[in-house]
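The sequence and structure come first, then the description.

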Amino acid sequence: MPDWASLSRFEIRHVTLPLQRYRALDVPSQVLGHSVSGEAMLPLFASLYWCLDQHKCFCGIWLVPLSEMANGVVKWLTRRGRPAWVDERVMMHQWSSEFSFPSSHSQLAAAVMTWLVLSSAHAEAATSTPALPSAAYALLVAASRVHVGLHFPSDVAVGLLWGALSAAAYAHIVLPSLPSF
């Protein structure tokens, strides 16, 4: 088990507090966080299904709940507190009562964006999702979670990595087994 206390102090001092000095990032960071919430995921997949690419939505729909369940298990196993729980200088711009590690928002952003890019190669995909803007979006979501005081940089780094790897594994398992419609 990592030494959360030492790592937390280092990350708060060298990343979180300096990042929170940029008040102009408050609203954009909150908007980015909300874009990966459950309230936003449902309209995203509905829009994707009805307007853009039924294949990507139909095949990827289980990625989000599976990712969320796995994330919850790891949060309860590691029980790492949120930055504001550890240091009163950290401002929490949003609220969460869950543990911090790993960041589910970062994980979901990376998982969904990776899925959209990888599933573009399937014969039934109607759209092509570009990798660079997708990666940039996931990185911005991750940075926003640190800025709003809900996660440590290591939480979002692991969330991004886990999200991308789990989506790649999901695509490796799901895509080849799908029949063409």
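## H7 against H8

In this predicted model, the axes of H7 and H8 come within 8 Å and cross at roughly 175 degrees. The pair is therefore roughly antiparallel, since angles over 145 degrees count as such.

On the H7 side, the contact is made by His105, Ser106, Ala109, Ala110, Met113 and Val117. They meet Ala131, Ser134, Tyr137, Ala138, Val141, Ala142 and Arg145 of H8. Sorted by class, the contact of H7 with H8 has nine nonpolar, three polar and one charged residues.

## His105

His105 is part of helix H7. Its relative accessibility is 17%, so His105 counts as buried, the cut-off being under 20%.

Which residues touch His105, leaving aside its neighbours within four places in sequence? They are Gly33, Val36, Ser37, Val141 and Arg145. Of these, Val141 and Arg145 belong to the H8 side of the contact between H7 and H8, and Gly33 is one of the H2 residues that meet H8.

## H2 against H8

Helix H2 covers residues 26-34 and packs on H8 at an angle of about 120 degrees, with the axes 8 Å apart. The crossing of H2 and H8 is left-handed.

Asp26, Ser29, Leu32 and Gly33 are the H2 residues in this contact. From H8 come Tyr137, Leu140, Val141, Ser144, Arg145 and His147. The classes in the contact of H2 with H8 are four nonpolar, four polar and two charged residues.

## H5 against H7

Helix H5 (residues 63-78) packs on helix H7 (residues 104-119) at about 150 degrees, and their axes are 10 Å apart. That angle makes H5 roughly antiparallel to H7. The crossing of H5 and H7 is right-handed.

H5 contributes Leu63, Val64, Ser67, Glu68, Asn71 and Lys75, which meet Ser104, Gln107, Leu108, Ala111, Val112 and Trp115 of H7. The contact of H5 with H7 consists of six nonpolar, four polar and two charged residues.

## The nonpolar core

In soluble globular proteins, nonpolar side chains tend to be buried together. Here the largest nonpolar core has 24 residues. Val36, Met41, Leu63, Val112 and Trp115 have the most contacts inside this core.

H5, H7, helix H8 (131-147) and helix H9 (153-177) are the elements that give two or more residues to the core. H7 gives the most, with eight residues. Leu63 of H5 and Val112 and Trp115 of H7 are also among the residues where H5 meets H7.

How values were computed:
Residues numbered from 1 in each chain as written. Predicted model: local features only at pLDDT ≥ 70, side-chain atom pairs only at ≥ 80, totals over all residues. Heavy atoms only, no water. Axes fitted to C-alpha atoms, helices over the stretch in contact; angles between N-to-C directions. Helix = DSSP H or I, 4+ residues; strand = E, 2+ residues; numbered from the N terminus. Parallel < 35°, antiparallel > 145°, perpendicular 65-115°, else oblique. Left-handed = near helix turned anticlockwise from the far one by under 90°. Contact = heavy atoms within 4.5 Å. Nonpolar A, V, L, I, M, F, W, Y, C, P; charged D, E, K, R; others polar. Core = buried A, V, L, I, M, F, W, Y, C linked by side-chain atoms within 4.5 Å. Buried < 20%, exposed > 50% of the residue type's maximum accessible area, 1.4 Å probe, protein only.
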